[in-house]
Amino acid sequence: MLLQATGISKSYGIQSVLDGISLMVNEKERVGLVGVNGAGKSTFLQILAGEMSYDSGQIHKSKETTIGYLAQNSGLQSDKTIQEEMLAVFAPLLEAEAELRQLETDIADPALAEDPKRYEDLLERYARRSDWFKDHGGYEINTRIRSVLHGMGFGEFAPETPIATLSGGQKTRLALARILLQAPDLLMLDEPTNHLDIETLTWLEDYLRGYPGGILVVSHDRYFLDRLVTTIVEIERHQSRRYTGNYSRYMELKAAEYEIRMKQYEKQQDEISRMEDFVQRNIVRASTTKRAQSRRKALDKMERIDRPLGDLKKASFSFEPDFMSGKEVLQVREVAVAFNEGAAPLFRNASFELRRGETAALIGPNGIGKSTLLQCMTGTREPSAGTVNWGTKVKIAYYDQEQTRLNPRNTVLEELWSEYPMLEEARIRTILGNFLFSGEDVLKKVAALSGGEKARVALSKLMLRGANMLILDEPTNHLDLVSREVLEAALIDFEGTLLFISHDRYFLNKMAERVLELHPGGIDQYLGNYDDYVEKKSELEAIAEEEAELAAAKSSRNADSEAAAEKGTSLSYEADKQAKREERNRQRRISDLEENIARLEEAISGIEHEMTKPEVYQDYLALQEHESDLKDKKQQLADLFSEWEKLADE
C-alpha cells in the first residue's frame, strides 16, 4: 500500500466539500478519481499532497513513499532553460558523477601509489559509488530527458530555450515532463491531459501504462481513463465509492448497482405496505390483535432501506436551427495563413467542403493553426491566400474555447440578456436553469465563474442563436463527464451542419463522420470517426513502409543481373512482403485479443465479487442476472482464448 486516506472531511464555513472520503492506492495500481465539477476532486488531491488542511480523518503513507503531485494547469515557473530544469531533477546523480570524476583524478595521481591503504580505500569507494550511479540510472539521464521531452512535444525545442519564454500551455506540459522524470512512487495528476494534442496524449498514455509506480489521476477524458486506469473512485454528494475496472466498466457497474438497490427498495416497500395494511385491518379485532401487534413491532424494528438517489441534476438543452441552410454549406479553397508578411505560413493549400447535415472533426498537432483556420471561416481573420465561401441561408454560431466573447463584468443573467434583449427575464432564467444556474447563481459575475461554468454560459448563448451551422473549438474543455455526455446527446440530435476541433478522442469517436487532419501542406480527409482514422493511418504507414522496403530492395540489386535472376528475386520479395503483412496482422490481432481477455477477466472478477455481497446472493432475481452475465462472459473468454492459442501457435 502506497497511500491510504480514511474518513477525510473538509468544509468551508457551513458548506461541506468532502464528507468521510476514503481511498487507497496500492503499488502499481492506476486509480481514476471522477465526479462532476465542484465535487471536491482537486481539493482532495491537494489534501493528499499535503498542500491543504482537512477537518477530520486520517492519511497514512510510509516514510519511504515519494509522492509527485501536479495540480491542474500548474505551469512550471523557472528562470532556467529547459535542459537546466530537467537536469535539476537528477541533482544527486550529477553530484555522484562529479564525485566519480574527482575520484578518477585522485586515483591517477602517481603520489597516491606511495600510500597503498589510501589507494585501496579510494578504489573501493570508487567501485561503490560507480555501482550506485549505474543502479540509479546515471548513464541514462540524457536519454530519459530526450525521450520524455520528445514525447511531451518539446522535440523541436532547443535545450537552451528559456522557460520564461514559453506559453502557459507549454509550461504546463513541461511541468508534467519534469514530474515524469522524477518518477515518484505515487503520481498524483490533476487533469494531465489538458493542453495536450492527440499525439502527445497517446504517448502519455503508453508511458503511464508502463510506469513502475502507482498513479492517482483526476481526468474528464473518458478515452484516457479507459486505456489507463484499473480502479475508479467516484466522489458524489460529498462521499466516495470505489469500483473495479476502467471508466466504461464503472458506468456499467454504477447503473447495475442502482437497479439492484432500487429493486431491493421497492421489494421492501411492498412488504411494508402489506404489513401496515394487515395491522390496520386487524389491530381492533380481538381475535387478531396479537398478530397485528407482532407485525407492528416487526415494522418498528425493521431496518428501512432508503430510496436510492438517482443521477445528479444534469444540464438540459438542444440546438434547434431557426431555418434550413442550402445543400452546399461551405467551400474552403487553398487557404494559407502566415502571421507576418513574408514569413513562412503555418499551413497552406487547406481545402475541404461541407454539405448540409454533415459532421466533420478538424484535428492536428498543437500550434498547427486549427483555431486560426476557424477564425478565417468566421471572418475574424483574413487568410493570407485562398478563399472561404459560405452557401445560401447559412446561419453560423461559433464556440470559442477561450470564451473571449464573454464579458467578465456582466452577471450570468446580463450576459444572456444583453445579447437577446427581446427575451423575458423569466425565459432567460428558465434557460439558465437548464444549464444548472439556479437562484442566486444567475447573479454571479462572469469573471468569478469556473471554467466549466463559463463553458455552460457560452453554450447557453450558442443554443439561443438558432444557428444551422455550428463551429465549435474544443467544446468539451472544462466540462465534466456528465456535461460532456449531455452535449454529445444535443449535438447528435442537431439537424444542421457541424464542424468542430477536439482532442477528446471519445467525443471524436461518438460525433465525427469525417476527420480533417490539418498539416503544414494542407488537409488530409478520412471517412469515419477517430478509430477509423487511426486504422486508416496505420494502413497507409504500413503501405509506405512496404514501398520503402521495395525501393531499397530494387536499388540494392545489381543493375546488370540476368532477367531470370531478377524475376526470381522479385517473386521472392513479393512472397516475403506478403508474409510480413500477414505477420503484422497476426501480431495486431493477438494484441487486441490480449486486451479483450484482460478486460473480460476483470469483468468476471467484478461480477464474482458482486455475487458475494448479501444484497445480491439473498436476492434470487439479482443472483440469477449475475449468474447469466457471468456465464456469457466466461463463454466469450473461452472463445477468445481459443483464438489466441491458435494464433500464438502459428
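Here is a short chat about the sheets, cavities, pockets and ring pairs of this structure.

Student: Before we start, what kind of model is this?

Tutor: Residues are numbered from 1 along each chain as its sequence is written, and side-chain values use heavy atoms, with hydrogens and water left out. Local features need pLDDT of at least 70, side-chain atom pairs count only at pLDDT 80 or more, and totals for chains, interfaces and linings use all residues, since this is a predicted model.

Student: Let's take the open sheet of 3 strands; what is its strand order?

Tutor: Strands here are DSSP runs of E with at least two residues, helices are runs of H or I with at least four, and both are numbered from the N terminus. Two strands pair if DSSP finds at least two bridges between them. In this sheet the pairing is antiparallel, and the order is 2-1-4.

Student: Why is one side of strand 2 and of strand 4 left without a neighbour in that sheet?

Tutor: Strand 2 (15-25) and strand 4 (56-60) each have a single partner strand, so one side of each has no neighbour, and that is because they stand at the edges.

Student: Which residue in strand 2 stands opposite Ser11?

Tutor: Strand 1 (residues 3-12) runs antiparallel to strand 2, with 7 bridges joining them. Opposite Ser11 you'll find Ser16.

Student: At about what angle does helix 1 run to strand 1?

Tutor: Axes are lines fitted to C-alpha atoms, for helices over the stretch in contact (heavy atoms within 4.5 Å). Angles run from 0 to 180 degrees between N-to-C directions. Helix 1 (residues 41-48) lies across strand 1, strand 2 and strand 4, and its angle to strand 1 is about 120°.

Student: On to the open sheet of 6 strands: which strands stand at its edges?

Tutor: The order is 5-6-7-3-8-9, with mixed pairing. Each edge strand has a single partner, so one side of it lacks a neighbour in the sheet; these are strand 5 (67-70) and strand 9 (239-244).

Student: And in strand 7, what is the bridge partner of Leu33?

Tutor: Strand 3 (residues 30-34) pairs with strand 7 (residues 214-218) in the parallel sense, over 4 bridges. The partner of Leu33 is Val218.

Student: Which helix gives the largest share of the lining of the largest cavity?

Tutor: On a 1 Å grid over the protein atoms alone, a cavity is a set of points where a 1.4 Å probe fits but cannot get out, and lining residues have an atom within 4 Å of a point. The largest cavity has a volume of about 60 Å³, counted as the space filled by probe spheres set on points joined across faces, edges and corners. Its lining includes Thr172, Arg173 and Leu176, and the largest share, 3 residues, comes from helix 6 (residues 168-182).

Student: What about the second largest pocket: how many charged residues are in its lining?

Tutor: A pocket is an open set of points with protein on both sides within 12 Å along at least five of seven lines. This one has a volume of about 1800 Å³, and among the residues closest to its centre are Tyr223 and Arg227. Counting Ala, Val, Leu, Ile, Met, Phe, Trp, Tyr, Cys and Pro as nonpolar, Asp, Glu, Lys and Arg as charged, and the others, Gly among them, as polar, the lining has 13 nonpolar, 11 polar and, as charged residues, 17.

Student: Tyr223 forms an aromatic pair with Tyr530; how many residues apart are they?

Tutor: Rings of Phe, Tyr and Trp (its six-membered ring) pair if their centres lie within 6.5 Å; planes under 30 degrees apart count as stacked, over 60 as edge-to-face and the rest as tilted. The structure holds 10 such pairs, and this one is edge-to-face at 5.9 Å centre to centre, with 90° between the planes. Tyr223 sits in helix 8 (residues 222-228) and Tyr530 in helix 17 (residues 530-556), and the separation is 307 residues.
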